[in-house]
Structure formats: structure tokens, C-alpha cells
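Take a look at it, then read on.

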Amino acid sequence: MKTVSEKIAEFALGQSIQSIPSNVIGYGKLLLMDTFGVAMANLELEHAQAVRRVVENMESKPVCTLWGSGDKAQVSEAVLYNAALIHGSDYDDTHVAGIIHPSAAVVSTAVTVGEATGATGEEIYEAIIIGWEIIVRLGLAARGRFHDVGYHGTAIAAPFAAACVAGRLLKVSKNVLVNGLGICGSQAAGLQEFLRDGSWIKKLHPGWGTHSAVYAVNLARAGFTGPKEVFEGQFGLWKTHCGITEGLEVFDDLGKVWHTPEITFKLYPVCHMTHSFIDCLLKAREQLDPESIESIECRIEDRCYHIVCEPEEAKKNPETDYMMRFSLPYVAAVALVHGKVSPWEIDMELARDIRIRELMGKITCIADDEKRNPGYFPGWVKIRMKDKTEQVYDQRWEAGTPQNPVDMDAVMTKFHNNLEHFYTEEQIERLSELIQKMDRLESVHELIQCLRVTGSEKEER
């Protein structure tokens, strides 16, 4: 019987773009546009600057581009930085049922390793789709249990998916990749303690996973071995992190069922678990006067409650950007007061605004598993007005699901809004064109060049 690692390795190395359904290929282009838009919008964020300083101080061999510049570093350092760009504002795509951010690790690894190996656009895009399928299944197999015990699921899954992407582009053998996956098992890590104090570490999780994966694959190429049953073994990832091995059967239909089209776009740069609540409150704002609200009750399933509602004092008094992004009271209050939750509402000035603070004080969050919708992030809100009337808003499916589809125009608007600070309209259109024909590019050199931002260009705008 094949191990889970063997099933994954065979799929990762044997799948070709010709056998991937056209709808998956087409949808993936939209995911790529969203990913690059989010990444480049984060160039000036403090965390990105910090990671870049560290990478540059390593003085490594200049092989791969640090996106947005002409500077280069060795593969493992460049992929760390590029992934940190994608995930830095928590605005990147999500597979909700798997509770996983697929593109931060997958796209950064494929483009960075692809640049190093001189891979064609088709080879890179094949690797991206394969990586998406693998990281999504890792999330689905975990069934949220990583989060339940305090791990960040994306951080745990990122090294394995990135290793498959890198291994394919490096053209390693099945045995090498199986060993690489085994090595990744001892590097797959990411604690959720940042939820308690709003610290930055989650921004680095996918990048650290990709960094680890590059080393894992190269160690395996050099003959280093890793456990063959890294997932299902007695001391494998599932037993140690989840207590059981149930769920790993999701790898049985690799290449037959495609989950990539289930990956959703984030229309708000905050935890996806709060998005349906934001939608409910934006709808309420159209119908109610926020000044006339007496109290707001938000009911959310227990698993999510611990992530976006606790500790209550910290969530109602956010002191960092990440605490704002993971605070249901904060995003709810902002939605009601400002009528939007964009990157510009993640602002400490707003967190101190008297109107926001007063509304947060009126919000009560309640853990209620009766409001669950398994595989989705629903929102349930009851607003009590000062005249004692009440309104209930209940959104069962977050935006981006088949039941509540995202308008593709909204995705394109997000793409342009994320890029307009750094690029001209002509440059944005050129970048869009290159992404749309990724699988037909001779290499990713032109795409990477198109991401470059220079001081003089910025001054001209």
C-alpha cells in the first residue's frame, strides 16, 4: 500500500497541464492576479521592510529576485521575502473548508524557484496548480484540528506544498521528493499565540514554510532521508498534532477531483471568519442609523470564537494591525461607522476613534455552535435599537462560495486598487496581460521585471 507521501509525490511529479480541466486553468489566472496585487500592495509595510533587511544582510548569492526590486538573493532567502509580501496583510486567498491560505506559499515558491531554474511559464503554472491542490487537501484532511490545538494550518501545510512545487521544478525523483516531504514534517510549524497579542509572526508563516521546503528538497537531493510515513505514522504529523489519522483519504482522488476553483478571494483584508459579519453589518448600515443602536450580538461557532473574539479585552482594545485584523468587534464597528473595510481601515487612529470605541463597547460576541455551517464561515448578527426594536441578519455563506458568488469585477477592482499606489495604469494593464498568459511565457523574467518599482517612477506619480 502506498504511503500518503508517495501518493502526493506521484501526483506532484506526474501531473501535466494537458490533463488539468480548462475551468481550473482559467480560474487559476484570477487567483494569480489577486496574489500579485496583494503582494505588491504590501511593499512598504513594516514587516516586509524588516524581512527584506534581514535577507539583504545575509549577503547570499544573488540568484532570485526580491519582488518589486532589481535586487536578488539565494532561492531560500528570496522565497521567504516574496511569500511574506503575499501574506503580510491577510488579504490573500483562502480555501475556507480547509482553513488554509493556498497562494502565499505555492505561488512564491513556483515563481522564485522557476526563476532560478529557468523554467517556462507553462512549467511554473503547472507547479502552481499542483501546489494549490496539495495544500488545499492538507487543510481538508486536518478538518480544522490544527487550529483547534493552537497551530496555524497554513504554516503547517506550507512546507509540504512548497516542497512539491520546488521538487517538480527541480525535476527530482519520486524517492527524493518523498524524503523531502519527510524532512518537512520536522519543519512544519506555526503557533497561533499571535492571536493573543497581535504580534507579526503569522505574516512570516508561509514564507518560513517555503524557506524550509527549499532546504528540505535540496537535503533530499543530497541523500538526506526523511520518514516515509510523515503524515500517517505513529509519530507522524496527524497523530502528534491531531491525535488521529482520519482525513488523509482526501489524497485518494488526486488528479480526479479539483479543489482549486473552491479557493476564494478575500474582499476584506481581515480574518476570513469575520467576512460574513462585515457583510451583515454593511447591509444593516443601509437600513439603520448606527447612532441609534443600543447593542449588537454576534454569534459565531466556538472554533472561530477563540480566534476572533478572545481575549475580549485585547480584541476590543486592539494595539496592532494584526489584532485589528483578527478582532470581530473592531471590524464590525468599522463596517458600521465607515461603510467599508479596506486596507485603509486597518489604522490605529481608527482604533482610537471615539465612535469606533463606543460601538465596540456595545458588541457582545457569543460562542454558539448552533450557528455553524460546516465548511463555511457564516455570520449571525442581532441589532437592538434604542427604541427596543430588533433586526437579525443571518448570512450562511461567505462571499466567494457558489451560494454567494463574488462578482469578478470586484476581483479586478481589488487588483487595480492594490497596485495603483506603485504603478501607472499602463503598467497595471501590462502586468495583467502577462499573468493571463503565464502558461505561454518562455520564462517569468518579463513578469518579474514588470513588478519592479523604482524611486523615480514613484516620484513621477
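A residue counts as buried here when its relative accessible area is under 20%. Keep in mind that this is a predicted model.

## A covered strand

Let's start with strand S5, which spans residues 379–385. Five of its seven residues are buried, so by that under 20% cut-off the strand is mostly covered.

## Partners of S5

Strand S5 pairs with strand S3 (residues 293–300), and the two run antiparallel with six bridges joining them. S5 also pairs with strand S6 (residues 390–395), again in the antiparallel sense and over six bridges.

Val381 is a handy residue to look for. It's the bridge partner of Cys298, and over in S6 its bridge partner is Tyr393. Between S5 and S6, the hairpin has four residues, and Lys388 takes a positive phi near 75° there.

## Two helices that cross

Now for a helix pair. In general, two packed helices are described by the angle between their axes and the distance between the axes. Helix H20 (residues 408–419) packs against helix H21 (residues 425–436) at about 130°, and their axes are 10 Å apart. That angle makes H20 oblique to H21. The crossing of H20 past H21 is right-handed.

Which residues meet where H20 touches H21? From H20 come Met412, Phe415, His416 and Leu419, while H21 brings Glu425, Ile428, Glu429, Leu431, Ser432 and Ile435. Sorted by type, the residues of this contact are six nonpolar, two polar and two charged.

Conventions
Residues numbered from 1 in each chain as written. Predicted model: local features only at pLDDT ≥ 70, side-chain atom pairs only at ≥ 80, totals over all residues. Heavy atoms only, no water. Axes fitted to C-alpha atoms, helices over the stretch in contact; angles between N-to-C directions. Parallel < 35°, antiparallel > 145°, perpendicular 65-115°, else oblique. Left-handed = near helix turned anticlockwise from the far one by under 90°. Contact = heavy atoms within 4.5 Å. Nonpolar A, V, L, I, M, F, W, Y, C, P; charged D, E, K, R; others polar. Buried < 20%, exposed > 50% of the residue type's maximum accessible area, 1.4 Å probe, protein only. Pairing = 2+ DSSP bridges.
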